[in-house]
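Please find below a short report on the structure shown here.

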Amino acid sequence: MKIRILITLKKGVLDTQGKAIENSLVKNLGFSQLSQVRQGKLVEVEIAETDPAKIKSVVDEICDKLLVNKVIEDYNYEVIA
Amino acid sequence: MKSAVIVFPGSNCDRDAVSACQKVGSKVSKIWHQETKLEDDLDLIIVPGGFSYGDYLRSGAMAAISPVMQEVKRLSKKGVKVLGICNGFQILTEAGLLEGVLLRNKKVKFICRDVLLRVENQNTAFTGKYKKNQIIKFPIAHMDGNYFADPETLKRIEGNGNVAFRYVDVNGNVTDEANPNGAALNIAGIFNDQKNVLGLMPHPERAIDDNTGSIDGLSIFESLLAA
């Protein structure tokens, strides 16, 4: 199955890149109605499993071991194909 | 003293680290990151600066799971000294050998200049040659040096004397102006609880010769030699 993992910074963790993006959108491009821009990471991966419980266990393990730093990040995922 | 400097794809301060070890008379060898065995009689392992794995995913994340890091963890548990400099500090936090994490600099800029530091704990194997609260000058060169940990962790680190160095002004005061990257509590470097692992963003190995502006970094290597 094809899985899409979305990694975001936890609430309260300073997102300097999000702030820079926000400044560009608001100050340089004039989107004055925008605020609270946050950026994250998207990882797609093909897993040779179909059982949702097995998929969850693989995703949790790869996020724990490499993809996510739990001190500052949260993640969720969806099966996309 | 017998030292090893770990080399990852993208390390670029490994040679400076070797020079610093040699300058104080330590035997030193470079170890490639795919190595699965480190010698048990090592006194010091240096995880050097650079851009391991191109800083992909998160700075230090992929280096932290390379084969040699299992050995670094094993030896650190036996009390071998581990020194992580700049990217090496990021790698040690990602590997779980030190608490917290290094976020992108507050102003989202790569910063390369000298900074002033205050020695916060001189009762360790790394800092024994410094005086209490000594002000020292090291260069920094990083994009992700903004030290972050949750409030409970910060409190515990402070309480255990794990803060090694703090960014300060010329008078030794901890100020926002003296903080180059937004690091929590102006923290530039921390120890683990056992004080045998030190990670810091500034570069002591680039401050060992008067010709390059400072010799304040030499004391770390001399302290280790005497420990």
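## Basis of the report

This is a predicted model, in which local features need pLDDT of at least 70, side-chain atom pairs count only at pLDDT 80 or more, and totals for chains, interfaces and linings use all residues. Residues are numbered from 1 along each chain as its sequence is written, while chains are lettered from A and ligands numbered from 1 in the order in which they are written.

## Interface

Contact (C-beta atoms, placed from the backbone, within 7 Å) links 10 residues of chain A with 13 residues of chain B. On the chain A side, α1 (16-28) and α2 (52-67) are the elements that give two or more residues; helices are DSSP runs of H or I with at least four residues, strands runs of E with at least two, numbered from the N terminus. The largest share, three residues, comes from α1(A).

## Nonpolar core

The largest nonpolar core has 71 residues, and Ile46(B) and Leu92(B) are among those with the most contacts inside it. Such a core is a set of buried Ala, Val, Leu, Ile, Met, Phe, Trp, Tyr and Cys residues joined through C-beta atoms within 7 Å. A residue is buried if 20 or more other C-beta atoms, placed from the backbone, lie within 10 Å of its own, exposed if 12 or fewer, and partly exposed in between.

## Helices of chain B

In α3 (87-94) of chain B, eight of eight residues are buried, including Phe89(B) and Glu94(B). These buried residues pack against β3, β4, β5 (101-103) and β11 (197-200) of chain B. Just after α3(B), Gly96(B) has a positive phi of about 80°.

In α5 (218-226) of chain B, Ser219(B), Ile220(B), Phe221(B) and Leu224(B) are buried. The buried residues of α5(B) pack against α1 (14-23), β3 (44-47) and β4 (81-85) of chain B.

Definitions and conventions
Contact = placed C-beta atoms within 7 Å.
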